[in-house]
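Subject: Structure handover

Hi,

Here is the structure we talked about. Please open it next to this email and follow along.

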Amino acid sequence: MKIFADLQIHSRFSRATSPSITLSNLEKYARLKGLNLLGTGDFTHPKWLSELKAELKEDGSGVLTSSSGFKFVLQGEISNIYTQDKKVRKIHTLLLAKDFEIVEQINQALLKKGRLDYDGRPIFGFSCIELVEMMRDISDDIEIIPAHAWTPWFGIFGSMSGFDSVEECFQGQSKHIHAIETGLSSDPSMNWRISSLDKFTLVSSSDAHSFWPWRLGRECNVFDINLSYDELMNAIRTRKNFVETIEFWPDEGKYHYTGHRNCNVVLSPKESMKLSDICPVCKRKLTVGVAQRIEMLADRPEGYRPNNAVPFRNILSLSEIIAGTIGERVESKKVWEEYYKLINSFGNEFNILLNTEEKDLGKITTNKITNNIIKNRHQKIEFKPGFDGVYGVPIFEKEDGKMAPPDKKGLGYSI
């Protein structure tokens, strides 16, 4: 069975998230997207956990089921802010758990270290090493994955507070780390340039702060498994039956290039390194982006592919393609009308983006939208790269025949 799994999201109890996030909304838009497995998000938060227990049923498989049959896996995220090697580290970590009993044990252990009720992604002052030790004391079934690994501020390899390797971060506990999450500003091909990462499975998830289909599932993992927690963990840990990942275009990620948002300075790795990472406008240190950080750690050339690598595809959301083509806001009525025309004809967004024949698309939507869907499928979209917290902007062939990026606000580029 082919499983499209987005394994990291957030509830409405995390900071900077939509107040309308409910399980029913998550399920509705996950189905539109073509997802059939979602992380629950934020199982550490007592109010959200109470909702999960009320609305989702366990059947012994380690996968939870809603009243209408949609599948979820228990998932949370931890923020560890601590000092290691005389440097302040800020690392976010994804946790996956098999059942509510294990989640309760996780939460009881964390409560001995601090509060859980103020944020869906709680902050603690102990190290990632101690986090793994704590989880291992509870259950070997808990999966511990460094989240959005390259984000400058809160990634394990981030330029502001990260490490240069998994082993440096987790030390003797690194043997219990099986995967890393590549994040929105990198894709697997960038990570393949670093030989020390070959032993880790590269997973991709949306880290969505809302349920809209241009957020949910913007990155996901595709498995060919029977749906159980054990088979899911085996696929992540061994890569067996791990079909591919669906990737955000890294150029669109908020931290792909190096730059300064306030100075409107955006630089490629070579340009930034030439300036010693100093902003040419304000003369302060630039926010070093993911592309440059990869370049700093890479020991392989661009284009290198390890033998056991899981394939991937970079795909823009259908809403963004429609919005960019017709020059409307991504959440506008015109975009939704065109979106639902396609969904009603072809079932879900991933089927439209990945599989539907060009001639069939052309019967339902305009030639320009059809052309941009096909260009997207064949990795032909160009971008103005993202930098320093600003999303990159895709450049579309518009209905008037011009090639121009929509303004960032018009595409709805916000959390």
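Predicted model: local features only at pLDDT ≥ 70, side-chain atom pairs only at ≥ 80, totals over all residues.

**Helix H2**

H2 itself covers residues 46-55, and its buried residues are Trp-48, Leu-49, Glu-51 and Leu-52. Why do the buried residues line one face of the helix? Seen down the axis of H2, they fall within an arc of 160°, so they share one face. The general rule is that an α-helix has 3.6 residues a turn, so residues three or four places apart point the same way. Now turn to the face of H2 directed away from the buried side. Lys-47 and Ala-54 sit there, and both are exposed.

S4 is mostly covered, with 11 of its 14 residues buried. Its pairings are listed here.

- S2 (residues 37-39) runs parallel to S4, over two bridges. Gly-39 has Val-73 of S4 as its bridge partner.
- S3 (residues 64-65) runs antiparallel to S4, again over two bridges. Thr-65 is opposite Lys-71 of S4.
- S5 (residues 87-97) is antiparallel to S4, over 11 bridges. Gln-84 is bridged to Lys-87 in S5.
- S6 (residues 123-124) is parallel to S4, joined by two bridges. Ser-79 is opposite Ile-123 of S6.

The S4 and S5 hairpin has two residues between its strands. In that hairpin, Asp-85 takes a positive phi near 55°.

**Positive phi in two loops**

Two loop residues deserve a look. Gln-171 is not a glycine, yet its phi is positive, near 50°. Where is Gln-171 placed? It is in the loop between helix H5 (166-170) and strand S8 (179-181). Its relative accessibility is 41%, so Gln-171 counts as partly exposed.

Asp-277 also has a positive phi without being a glycine, and its value is near 65°. Asp-277 belongs to the loop between helix H8 (269-274) and helix H9 (290-297). Is Asp-277 buried or exposed? The cut-off for buried is under 20% relative accessible area. Asp-277 has 15% relative accessibility, so it counts as buried.

**Cavities**

How many cavities of 30 Å³ or more are there? The count comes to three. The largest cavity holds about 130 Å³ of space. Its lining has 15 residues, and the closest to the centre are Trp-192, Phe-200, Leu-202, Arg-239 and Ala-309. Helix H6 (188-191) and strand S9 (201-203) each give at least two residues to that lining. By type, the lining of the largest cavity has nine nonpolar, four polar and two charged residues.

**Where to click**

For a quick tour, go through these in order.

1. Trp-48, Leu-49, Glu-51 and Leu-52, the buried residues of H2.
2. Gln-171 in its loop, then Asp-277 in its loop.
3. Trp-192 and Arg-239, among the residues closest to the centre of the largest cavity.

Best wishes

Conventions:
Residues numbered from 1 in each chain as written. Heavy atoms only, no water. Buried < 20%, exposed > 50% of the residue type's maximum accessible area, 1.4 Å probe, protein only. Helix = DSSP H or I, 4+ residues; strand = E, 2+ residues; numbered from the N terminus. Arc of directions from axis to C-beta. 1 Å grid on protein atoms, 1.4 Å probe; cavity = no way out; pocket = protein on both sides within 12 Å on 5 of 7 lines; lining within 4 Å. Points joined across faces, edges and corners; volume = space filled by probe spheres on them. Nonpolar A, V, L, I, M, F, W, Y, C, P; charged D, E, K, R; others polar. Pairing = 2+ DSSP bridges.
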